[in-house]
Amino acid sequence: MLDYRQLIEKYEKDLIRNRRYLHQHPELGFDLDNTVRYVKEELTAMGCEPKEIGNHGVTAVIGKREGRCILLRADMDALPMKEESGLPFACTSDSAAHTCGHDTHTAMLLTAARIFKELEEDLPGKVKLLFQPAEEIGYGCRDMVENGILENPRVDAAYGEHIMSCFPKETVLYGTGSMSTGADLFTITVHGKGGHGSVPHTTIDPINIACHIVLNLQTVNSREVDAKEMAVLDFGSINAGSAGNAIPETAVLKGNIRTFNNDVRKQIKKRISEIAEQTAAMFGGSARVEYSLEMAAVNTDARVTELTGNEIKKHMDLEKVNDHTLKLPFSEDFSYISERVPSAFFLIGACPEKGEVLTQHNPRIIFDEESMKTGVLVYVAGAVGYLKQGKEETI
Ligand SMILES: [Zn+2]
Ligand SMILES: [Zn+2]
């Protein structure tokens with residue numbers, strides 16, 4: 001069995017160099033010109049033929065032989081905030097910072113690519129790399145799927161990783177079933193009939209309707225969703241009118257749904273439309289529900305998770321692997337891939353030994369850099385293990 005750890009040690013300097021460069025040059029959403037240039041240059045330098053895909057995505061295929069194709073995904077975007085980590089290589093930008101660790105994901109997949117390239121002649125299939133934009137705003141993975149990332153060559157299985165500051169360093173956590181929550185952001189626009197506040201009987205008051213909609217929707221979680229299921233349905237914004245003596249024409253409500261179970265998600269979305277429309281109709285108005293974000297939960301496939309997870313375990317201290325089913329209250333747009341091909345998802349613990357434990361997106365967050373080597377190992381061991389299944393390969 002190949003000692004991947006030795007290979008990873010060989011490329012550790014590049015891993016750190018790439019991570020620190022990306023860390024110091026964060027970019028947001030789809031605006032990743034410099035990051036895309038850097039990733040393409042690094043891939044080209046190692047002999048890959050990178051291609052841009054969709055809006056600021058990069059892909060490359062490694063492997064010359066027939067066989068299965070596994071897609072490995074790393075996201076590349078940062079968050080609109082100022083870093084306050086105090087690290088010697090901290091980013092000085094006021095408007096962007098890698099506080100979710102996507103710089104480490106990109107660096108880890110670049111190092112994995114280097115190792116796949118070294119093993120290319122013996123790879124029992126193909127590895128498709130995906131460097132994805134705009135995960136933080138939830139639209140990047142969808143753009144990649146819509147632009148054909150799962151075709152040519154057709155992808156048989158996929159996985160992604162996320163570095164996590166709240167889990168012990170160099171640990172790997174994964175599980176089957178839904179790992180993250182789905183996230184849906186909705187807007188309900190209520191139409192009434194405006195008029196003078198002194199003659200409300202000549203109007204249809206959209207504020208009154210909006211209030212009833214909010215109250216009626218409270219029963220969805222408390223009376224309609226199975227008590228064993230976790231579901232969040234709440235509002236973050238209500239806007240209507242501008243004067244105390246005028247009934248407005250419209251009211252606009254904005255809210256948020258989070259669910260682990262995609263069937264519960266569908267149930268809640270159906271009920272929001274029904275309750276909003278029927279409540280508005282009851283008072284003579286109308287309501288329209290629209291979604292600005294629709295992201296399912298990441299659902300991992302039992303077989304792909306077991307196959308890749310077992311291969312990773314062969315190269316790790318078993319005490320550092322937690323393969324129990326995980327349910328975490330965050331959302332991940334990798335769900336656009338996991339809805340379409342059998343997928344796995346791995347969390348890489350990277351809590352620094354000293355200091356406070358901070359969660360992702362905190363401006364002071366620090367990830368343990370050594371833990372990136374575990375992330376590379378997960379990419380390499382899992383992918384090779386998946387490709388060689390059922391084959392007499394010695395790699
Ligand atoms: Zn994030
Ligand atoms: Zn993230």
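The structure is a predicted model. Eight strands form an open sheet whose pairing is mixed, and a zinc ion (ligand 2) is held by C100, H102 and H162. Helix α3, which comprises residues 33-45, and E332, which sits in a loop between β15 and α9, are taken up separately below.

**Zinc site**

- The zinc ion (ligand 2) is coordinated through SG of C100 and through NE2 of both H102 and H162, at 2.0 to 2.4 Å, and along the chain these donors follow the spacing C-x1-H-x59-H.
- The zinc ion (ligand 1) lies 3.1 Å from the zinc ion (ligand 2), and C100 coordinates both.
- Of the coordinating residues, C100 and H102 are among those that are buried.

**The sheet**

- The strand order is β1-β2-β4-β3-β5-β16-β6-β15; because β1 and β15 stand at the edges with a single partner strand each, one side of each is left without a neighbour in the sheet.
- Strands β5 (residues 157-168) and β16 (residues 343-351) run parallel and are joined by eight bridges, and E161 has F346 as its bridge partner in β16.

**Helix α3**

- At 1.5 Å a residue, the 13 residues of α3 should span 18 Å, and this agrees with the 18 Å that separates its end C-alpha atoms.
- The buried residues of α3 are T35, V36, Y38, V39, E42 and L43; seen down the helix axis they fall within an arc of 165°, so they line one face of the helix.
- That pattern can be read against helix geometry: an α-helix has 3.6 residues a turn, so residues three or four places apart point the same way.
- The cover over the buried residues of α3 includes the helices α2 (12-24) and α4 (102-118) as well as the strands β1 (51-53), β2 (57-62) and β4 (126-132).
- Exposed residues D33 and A45 are carried on the face of α3 turned away from its buried side, and just after the helix G47 takes a positive phi of about 95°.

**E332 in its loop**

- E332 is found in the loop between β15 (321-322) and α9 (335-338), and it counts as buried because its relative accessibility is 1%, where the cut-off for buried is under 20%.
- The side chain of E332 reaches the backbone nitrogen of F334 at 3.1 Å.
- Leaving aside neighbours within four places in sequence, E332 is in contact with R73, D75, E135, H162, S180, T181, M295, A296, V298 and F345; one of these, H162, also coordinates the zinc ion (ligand 2).

Definitions and conventions
Residues numbered from 1 in each chain as written. Chains lettered and ligands numbered in written order. Predicted model: local features only at pLDDT ≥ 70, side-chain atom pairs only at ≥ 80, totals over all residues. Heavy atoms only, no water. Helix = DSSP H or I, 4+ residues; strand = E, 2+ residues; numbered from the N terminus. Expected span 1.5 Å × (residues − 1). Buried < 20%, exposed > 50% of the residue type's maximum accessible area, 1.4 Å probe, protein only. Arc of directions from axis to C-beta. Contact = heavy atoms within 4.5 Å. Donors = N, O, S within 2.8 Å, 3.2 Å for Na, K, Ca; no water. Polar contact = N/O pair within 3.5 Å; in protein donor to acceptor, adjacent residues only side chain to side chain. Pairing = 2+ DSSP bridges.
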